[in-house]
Every structure is written in C-alpha cells, then in structure tokens.
Amino acid sequence: MLIKSCAIIGVGLIGGSLGLAMSERQLVGHIRGVDVNRENLDMALAAGAIHQAAALPDAVTGAELVILAAPVGTTQELLKSMKPFLKPGAVITDVGSTKKSVVQQAEALIGDRFVGGHPMTGAETAGFSGADPFLFENAFYLLTPTAQTNNDALETVRRLVQATGAVVMEMTPEEHDLITAAISHLPHFMAVSLVAAVAGMSIGDKAMALAAGGFRDTTRIAAGSPPMWRDIFLSNRRQVLQTLEHLRGAMDELESALRRQDAEKLMQILSETSAIRKKLPVKPKGYLPYIYELVVTVPDRPGVIAGLAGMLGEAGINIAEIEILRAREGYGGTIRIGFATPDEQDRAMELFQARGIKCRRKV
Ligand SMILES: NC(=O)c1ccc[n+]([C@@H]2O[C@H](COP(=O)([O-])OP(=O)(O)OC[C@H]3O[C@@H](n4cnc5c(N)ncnc54)[C@H](O)[C@@H]3O)[C@@H](O)[C@H]2O)c1
Ligand SMILES: O=C(O)C(=O)C[C@]1(C(=O)O)C=C[C@@H](O)C=C1
C-alpha cells in the first residue's frame, strides 16, 4: 500500500477509473469519494472504486492525498472549501486537462503540496459508467511541477501514477497547455465545428445518416462532456486561439490550392501530411504498448469465435485483444485479433491458414 487514505473529488470517468485502478491494485487503504451526482457516487461505491461516499469537507479530513477530478472550472471553489480542513502535509493533485491556471490557483491557495497532473487518456463518455481500471495502462500521465512544488509531494504522486500502469512525463504547465491545445483541444474545436457545419447544411440529417468512417472518426470526440470542454476551452483560451491560427493557415493553403485547381500543390500537401500521420506512434495507450493484429474473416456460425480462441489456446498463443469489426447476420463477419508479440501473430497466421481460415495482417 502506498497511501493510507485518499479522497477523490468527482468520481466520473477519470476519478472513477483512478479509484478502480487504486483499489484493485491495493495502492490506497481507504478511498472516500465526493460527487454532486448521486448516481456516479452510487456506481463508484458499488464497483469498489471508493470505499465510502462522503461530502466536503468531511471527505478530506485526515486524507493523505486529495485528487481533484471534476471539470477544471470547479478547482478554485473546491480548493477554497477544503483548505481549512486539509491534514497538514496532505498532498493535493488533479487530473484536469489544462494546467497553468489550475496550478496557479492551487499554489496561491494551498502552496507547495499541490502537484498538477493530467492523464493523456480518456474517452468521449462522461460519468462513472465508462470508468475502467486499465485506462491508465501505458498511457502518458503528465505532471507539471513548478519551482515551488515540494519534492516529497511530487514523488508521492509520481509513485502512485506509475503504480496505475501509466508512464509519467514532467513538463512545465506552460508547455503542457500549448501541447495539449495542439493535440487535444484544437482537435475538439475542429470536431465540434465539423458537426455544427454539417448539421447546419440542408442535407445535414441525410448526410449524417450515411456517414461512414470519415465523419465518424473525425468527430467521435465531439460527443464529449459539454461542461468539461467548456471549462477546458475557457481555461486554455489563449493557447487554443494560438493553435487555431496555425490550423487556419494550413486550411487556407489547402483551400487556395483547390481554388486554383493546382493538382501538384494538392498532391504535395496530401503526400506530406499522409507521411506525417503514418509516423504517429501506434497505440501509445491501451493495455499493451503495441499490438500485432490479424483480421480474420469467418462465417456467421454460433461458436465461431470460441473455435478460433480454442485453436489459439491449444497452440499456446495468447489473445491480447479481440473485437468484432463487421458482421452480417447469416453470412459472416471480420474479427480483429491482437497479439502482444510478432511471433504470436506469425504463429496464429500460420495456424489459421493451415486450417483454411482467411486472415491477413492488419498494418
Ligand atoms: N474525459 C477525458 O477524456 C479526460 C481525460 C483526461 C483528463 N480529463 C479531465 O478530468 C476531469 C474529469 O473529467 P471526466 O472525463 O472524468 O468527466 P466526468 O463528467 O466523467 O466526471 C466529472 C465528475 O465530477 C463531478 N462534479 C462536477 N462538479 C463537481 C463538484 N463541484 N464537486 C464534486 N463533483 C463534481 C461530476 O458530477 C462528474 O461525476 C476534468 O478536469 C477533465 O478535464 C478528462
Ligand atoms: O477521447 C479520447 O480518446 C481521449 O483520449 C481524450 C483526450 C484527448 O484529447 O486525447 C481528451 C481530453 C483529455 O484531457 C485527454 C484525452
């Protein structure tokens, strides 16, 4: 056990996942949970993510660690209300998606025992129902200590985060906010704008009903929690606007090539960006750092997945992930099977091919 008692304020997707990860791995002796939403609190309690549902200020009394996991706009009020009740030496951390304003507010209110944190993993689902004890496995978890931050407090948070399976990276709150503006907040801004633009077209409803991968993949995140994203945009306003300028520049260049019907320029932009996108590290988060995948085509027969799993099991090949990609009732479907090593992928491919099962490597 790393910590005797902890309070999580906000037991939604991230706070709930942290609670599950900490209690399942027995990292914390006793976890109290606080939430304005009774349903999330009840679910967190029933799932064992927290041991006790509590309210402020009782929840933080005697706690060695307090984790703020509500939208970033609540930080100041929450810290103000708990400050007089914090145990001397208690460590306070948060999981907020923006850091500079949060860290400034926290340091001004409670001083050097606040450690800013931000797991670079999540989902578009809000609330405890999406919580997952493995959410942090292999995910980057950014910590943003400042010159003021107490070293022991930083070490406590670092050890806890690592024990949840995450990979800690430290940076300044300023650098954090610019980077996350570019790779998280700007994409959200774009996804929301794309949904709004298409919804506002006369063909909007019909077009969206027909949407395949393009619209779905680029707009998944637009389904995210409105209060959470309102707070992120407002607290990282300057950096989001700064990165938006770059996006506008890139869009203007593409638009101008299209207007001029400049095929060469279009080809150059498309080739350059395609090459950059392909170089993104594969699966930087998830249960395994890299997954070696096969896509298997199977007939629609009861027990077909059990059959594949049995074959692999008999050959001593472990399945790391399995997913039904597409299925047509009565005909068949495609199944994605992930393996932890290229050797297992090769052996599975040989096994399937020897039995006449159609499969290919997913690249
Ligand atoms: N969703 C993501 O992908 C993601 C990823 C990393 C970090 N974050 C950050 O984590 C934090 C939580 O986000 P989430 O995705 O878990 O959202 P969520 O909506 O799933 O959970 C937030 C919880 O906080 C509760 N809450 C709101 N105001 C409160 C208050 N004043 N007191 C107590 N509880 C309160 C809500 O009822 C909810 O249960 C946010 O700061 C967000 O920026 C989110
Ligand atoms: O939806 C996801 O897959 C996410 O990981 C969400 C995401 C992101 O933009 O990457 C969103 C906000 C967080 O602060 C961190 C993660």
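This is a predicted model: local features need pLDDT of at least 70, side-chain atom pairs count only at pLDDT 80 or more; totals for chains, interfaces and linings use all residues.

Colleague: What makes a residue part of the shell around ligand 1?

Modeller: The C-beta atom, placed from the backbone, must lie within 6 Å of the ligand. For ligand 1, 30 residues count as surrounding it. At least two residues of that shell come from each of α1 (13-24), β7 (117-119) and α9 (226-235). The largest share, three residues, is supplied by α1.

Colleague: Why is ligand 1 said to lie between domain 1 and domain 2?

Modeller: Domain 1 (3-171) and domain 2 (175-278) both give residues to the shell, so ligand 1 lies between them.

Colleague: What is the make-up of the shell around ligand 1 by class?

Modeller: The shell has 17 nonpolar, twelve polar and one charged residues.

Colleague: Which residues surround ligand 2?

Modeller: Ligand 2 has S97, M120, T121, G122, A123, E124, S184 and I221 around it. By class, three are nonpolar, four polar and one charged.

Colleague: Turning to the helices, why is α6 called roughly perpendicular to α10?

Modeller: The axes of α6 (residues 173-199) and α10 (residues 237-259) come within 9 Å and cross at roughly 65°. Angles of 65 to 115 degrees count as roughly perpendicular, and therefore α6 is described as roughly perpendicular to α10. The crossing is right-handed.

Colleague: Which residues make the contact between α6 and α10?

Modeller: From α6 come D177, L178, A181, A182, H185, L186 and F189, and from α10 come Q239, V240, Q242, T243, L244 and L247. This contact of α6 with α10 divides into eight nonpolar, four polar and one charged residues.

Colleague: How do you know that α10 is roughly antiparallel to α11?

Modeller: Helix α10 packs with α11 (residues 263-278) at an angle of about 150°, and their axes are 8 Å apart. An angle over 145 degrees counts as roughly antiparallel, so α10 is roughly antiparallel to α11.

Colleague: Is the crossing of α10 and α11 left-handed or right-handed?

Modeller: The crossing of α10 and α11 is left-handed. The contact involves E253, L254, A257 and L258 of α10, together with K265, L266 and I269 of α11.

Colleague: How do the residues of the contact of α10 with α11 divide by class?

Modeller: They comprise five nonpolar, no polar and two charged residues.

Terms used: Residues are numbered from 1 along each chain as its sequence is written. Chains are lettered from A and ligands numbered from 1 in the order in which they are written. Helices (H or I, at least four residues) and strands (E, at least two) are DSSP runs, numbered from the N terminus. Ala, Val, Leu, Ile, Met, Phe, Trp, Tyr, Cys and Pro count as nonpolar, Asp, Glu, Lys and Arg as charged, and the others, Gly among them, as polar. Domain bounds come from an automatic or database domain assignment. Axes are lines fitted to C-alpha atoms, for helices over the stretch in contact, and angles run from 0 to 180 degrees between N-to-C directions. Angles under 35 degrees count as roughly parallel, over 145 as roughly antiparallel, 65 to 115 as roughly perpendicular and the rest as oblique. A crossing is left-handed if the near helix is turned anticlockwise from the far one by less than a right angle, and right-handed if clockwise. Two residues are in contact if their C-beta atoms, placed from the backbone, lie within 7 Å.
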